Amino acid sequence: MRLWRHLVFALSSAWQSFWRNAAVSLAAVGTITLILALAGVNLLIGHTLGGILDQYKSRVSVISISIADGTPLSTVYDFEGQLQGDPRVSSVTLITKDEALAHFSADPQNADIARQIEGNPLAAKLEVHVASLADVAAIDAEARAWRGADPANPTDYQGEFISRMLRLSQWVDWAGLVVLGILMIVSVFIVMNTIRTAVYHRRQEIEVMKLVGATEWFVRGPFVIEGVLTGVLAASLALGALLLAYHPFVDRFHSDLFFIPLGYDPKFVAELARDVLIGGALLGALGSYIGVRRYVRV
Amino acid sequence: MVLQADFVGARPLISFQHVWKRYPNGTEALRDVTLSVPEGDFLFLVGASGAGKSSLIRLLIREEKPSRGKIFVDGQELGRMKRRHLPHYRRKVGLVFQDFKLLPRLTVYENVAFALRVLGEPGGEIRRRSTEALETVGLAGKLEKYPRELSGGEQQRVAIARALVHQPRLIVADEPTGNLDPATGWEIMQLFLQINHQAKATVLMATHNRDIVDLLRRRVVAIDGGHIVRDDRAGGYHETLAASGLRA
């Protein structure tokens with residue numbers, strides 16, 4: 001019951017303090033809204049680029065091993081089994097020479113060449129889906145060392161392209177994290193200074209609280225709640241703006257840059273809403289806690 | 001010079017044992033202070049500005065820690081008290097200041113009730129105890145007034161009611177009549193005497209008001225240059241000056 005009364009006191013004090021200090025509080029909400037909106041845009045861009053990269057990654061994480069003509073079927077099956085047992089490999093598909101020719105001929109672009117082909121010059125193949133792009137090189141090395149591989153053209157592995165892709169993917173991740181980190185630090189500083197202004201305005205009250213025996217957390221509580229309130233309000237506004245802008249942006253992007261596979265992802269929007277709201281609340285709590293820690297010692 | 005109190009038999013509520021206070025800037029505010037205050041005592045702390053009275057009070061309410069020596073209040077050593085226990089200690093001490101320290105946005109009643117609200121006391125208990133404290137100081141008819149609508153004496157009464165609402169065993173007052181005219185100051189002193197007599201609260205009061213000290217003839221502890229230079233059971237302000245050569 002006592003805890004409940006303390007909570008009620010802290011909530012009402014925080015609410016009063018927020019509005020008593022309205023100009024500073026609203027300025028902080030506005031600035032943090034912009035920062036969280038930027039952070040949200042950063043997350044959206046990261047998610048979109050990540051999606052595009054994932055699509056490319058899934059394409060290049062498949063390597064085709066050409067099987068030399070005359071390789072005994074048992075040797076092929078043995079190697080196929082060996083690859084299937086490898087934890088780095090998600091799946092292996094054997095494409096026979098006939099199937100390879102049928103696929104080739106089925107493509108309308110190859111129609112002219114297909115008509116001129118005599119016999120079947122295409123090699124049988126093992127199509128290997130590697131779980132992680134980072135392991136493709138190792139699987140390629142294994143394939144090249146296999147005695148059944150076509151010595152002229154053992155695999156279609158594009159090492160340089162993949163390593164570039166990996167580097168780009170890492171850069172995108174790091175750049176996103178750095179931008180996010182900077183934005184978060186700036187937000188914490190803004191909340192900290194807003195709360196210090198509130199502490200200054202309420203210094204008399206704080207002094208009396210200390211004199212009559214209030215605990216440190218009783219004095220701090222309303223400021224931390226005020227910080228959370230500032231963070232959550234800013235997060236809600238930022239989220240509203242992001243949600244309003246997301247759909248039209250994707251539509252516009254689609255019409256202007258149709259070759260880039262960008263789509264509206266409702267699952268990501270739900271995750272974004274959760275992250276921005278929790279992020280706003282935590283930033284507010286952290287900023288206000290740091291802001292009052294030194295000034296509200298009993 | 002260190003003077004020992006001569007109250008034999010009574011249990012000391014406050015005990016300073018060879019206490020020194022040196023601030024980081026090198027100022028030595030208290031030097032080897034030994035003082036014993038029995039429960040129920042009424043003590044005036046006198047001395048010129050900068051003599052060490054405020055430092056002694058800051059140590060007593062544990063705003064500061066002694067540099068050397070020990071301070072006991074009700075058997076608890078303040079220097080070793082953990083920060084989390086400080087609020088509980090301060091609830092046992094009623095504090096009254098020269099500038100009243102009232103919250104201007106709160107009414108008389110709310111100012112007093114605030115001291116109980118911060119402890120999370122139930123509403124009924126807050127009402128009962130706040131009203132009772134305000135009746136004791138004679139302000140039962142002014143509960144809804146704001147501090148700005150009251151005279152200086154009335155504001156000090158509110159501050160005393162707020163100090164009393166915890167039913168403390170010790171009242172520490174720092175120049176409580178400093179902002180009041182002599183007649184109002186005398187009324188406030190009557191209130192402190194009444195609290196000391198009826199509620200059996202120990203009162204330690206720092207003051208420059210020589211008329212009051214001379215009239216009441218209570219225990220007087222004089223400080224000069226951080227030392228206790230006189231401790232009289234029924235002293236006067238004047239004798240302090242004569243004996244120690246303190247300035248007025």
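**Entry 1. A sheet in chain B**

I began with chain B and found an open sheet of 4 strands, in the order 2-1-4-5 and with antiparallel pairing. The edge strands are strand 2 (28-38) and strand 5 (76-77) of chain B, each of which pairs on one side only. I note here that the model is a predicted one.

I then looked up how strand 5 of chain B is held in the order. Strand 4 of chain B, residues 68-73, pairs with strand 5 of chain B in the antiparallel sense, over 2 bridges. Within strand 5 of chain B, Q76(B) is the residue that stands opposite V73(B). For reference, I recorded that strands of a sheet pair through backbone hydrogen bonds, either parallel or antiparallel.

**Entry 2. Helix 5 of chain B**

I turned next to helix 5 of chain B, which covers residues 152-164 and has 13 residues. From its first C-alpha to its last, helix 5 of chain B reaches 18 Å, close to the 18 Å expected at 1.5 Å a residue.

How many of the 13 residues of helix 5 of chain B are buried? I found 11 of the 13 to be buried, so helix 5 of chain B is largely enclosed by the rest of the structure. The cut-off I applied is 20 or more other C-beta atoms within 10 Å. The buried residues run through E154(B), Q155(B), Q156(B), R157(B), V158(B), A159(B), I160(B), A161(B), R162(B), A163(B) and L164(B).

I also asked what covers the buried residues of helix 5 of chain B. The cover includes two strands of chain B, strand 6 (93-97) and strand 7 (170-174). It also includes helix 3 (108-117), helix 4 (123-136) and helix 6 (182-198) of chain B.

**Entry 3. G138(B)**

I looked up G138(B), which lies in the loop between helix 4 and helix 5 of chain B. Is G138(B) buried or partly exposed? G138(B) has 13 other C-beta atoms within 10 Å, and is therefore partly exposed.

**Entry 4. Chain B as a whole**

I recorded the totals for chain B. Its secondary structure comes to 8 helices and 10 strands. Of its 248 residues, 44% count as buried. Among contacts in chain B between residues at least 6 apart in sequence, I found that 68% join residues at least 24 apart.

**Entry 5. Chain A as a whole**

I repeated the survey for chain A. Chain A has 10 helices and 3 strands, and from the N terminus on I read its elements as α-α-β-α-β-α-α-β-α-α-α-α-α. Chain A has 298 residues, of which 31% count as buried. For contacts in chain A between residues at least 6 apart in sequence, the share that joins residues at least 24 apart is 86%.

**Entry 6. The sheet of chain A**

In chain A I found an open sheet of 3 strands, with the order 1-3-2 and antiparallel pairing. Strand 1 (62-67) and strand 2 (89-95) of chain A are the edge strands, each pairing on one side only. On average, neighbouring strands of this sheet are turned by 20° against each other, direction ignored.

Strand 1 of chain A pairs with strand 3 of chain A (residues 124-130) in the antiparallel sense, over 6 bridges. In this pairing V62(A) stands opposite H129(A) of strand 3 of chain A. I next looked up what packs on the sheet. Helix 3 of chain A, residues 73-84, does so, and touches strand 1, strand 2 and strand 3 of chain A. The direction of helix 3 of chain A makes about 160° with that of strand 2 of chain A.

**Entry 7. I63(A)**

I63(A) is buried because 22 other C-beta atoms lie within 10 Å. From I63(A) to V128(A) I read 65 residues in sequence and 5.4 Å in space, C-alpha to C-alpha.

Leaving aside its neighbours within four places in sequence, I63(A) is in contact with V128(A), V130(A), V136(A), I139(A), D140(A), T155(A), D156(A) and Y157(A).

**Entry 8. Where the chains touch**

Finally, I looked up the interface. Here 16 residues of chain A are in contact with 15 residues of chain B. On the side of chain A that touches chain B, helix 1 (2-20) and helix 8 (203-211) of chain A each supply at least two residues. Helix 8 of chain A gives the largest share of that side, 6 residues. I sorted the residues of that side of chain A into 8 nonpolar, 4 polar and 4 charged.

Technical notes
Residues numbered from 1 in each chain as written. Chains lettered and ligands numbered in written order. Predicted model: local features only at pLDDT ≥ 70, side-chain atom pairs only at ≥ 80, totals over all residues. Pairing = 2+ DSSP bridges. Expected span 1.5 Å × (residues − 1). Buried ≥ 20, exposed ≤ 12 C-beta atoms within 10 Å, placed from the backbone. Contact = placed C-beta atoms within 7 Å. Nonpolar A, V, L, I, M, F, W, Y, C, P; charged D, E, K, R; others polar. Axes fitted to C-alpha atoms, helices over the stretch in contact; angles between N-to-C directions.
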